[in-house]
Amino acid sequence: MAFRDVTDADFDEQVVKAERPVLVEFTAEWCGPCKQLAPVLRAVAEEERERLDVVAIDVDANPETAVKYGVLSMPTLMVFKGGEPVWSRVGARPKRRLLEELSEAL
């Protein structure tokens, strides 16, 4: 499944109840590093499509989820497995580094 957006309304269905790991980017329209990270996440979504879903949630439009998971800085990346966040990083990073870091969570 390709990189897609989720909302407060469908976060549980799309992420918490997902059958496989989901990488979530907590993002915002005004966030410069988030814009830098977007093509990296699209590439990761494509490369890891067999074992990982990748989604983004806009924290300004969907504040409940950000508050629930204690997200204070953008971009925050979290991997959810079995309904729980198992890995978290803050800030943009190059694709190679992100894939290396993700290998811990997958």
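Predicted model: local features only at pLDDT ≥ 70, side-chain atom pairs only at ≥ 80, totals over all residues.

**The core and the sheet**

Let me start inside, where the largest nonpolar core has 19 residues, and where Phe11, Val24, Phe26 and Met74 touch the most other members. By a nonpolar core I mean a set of buried Ala, Val, Leu, Ile, Met, Phe, Trp, Tyr and Cys residues joined through side-chain atoms within 4.5 Å, and buried means under 20% relative accessible area, exposed means over 50%, and partly exposed lies in between, with a 1.4 Å probe and protein chains only. At least two residues of this core come from each of helix H1 (11-16), strand E2 (22-27), strand E3 (53-58) and strand E4 (76-81), and E2 gives the most, with three residues. Those names are DSSP runs numbered from the N terminus, where helices are H or I with at least four residues and strands are E with at least two.

Residues are numbered from 1 along each chain as its sequence is written, and side-chain values use heavy atoms, with hydrogens and water left out.

Turning to the sheet, we find five strands in an open arrangement with the order E1-E3-E2-E4-E5 and mixed pairing, where two strands pair if DSSP finds at least two bridges between them. Strand E1 (4-5) and strand E5 (84-90) are the edge strands, each pairing on one side only. E2 and E3 run parallel and are joined by six bridges, and Glu25 stands opposite Ala56 in E3.

Helix H2 (residues 32-47) lies across E2, E3 and E4, and runs at about 165 degrees to E2; here axes are lines fitted to C-alpha atoms, for helices over the stretch in contact, and angles run from 0 to 180 degrees between N-to-C directions.

**Two single residues**

Asp12, by comparison, is found in helix H1 and is partly exposed, because its relative accessible area is 37%.

Notes. Contact = heavy atoms within 4.5 Å.
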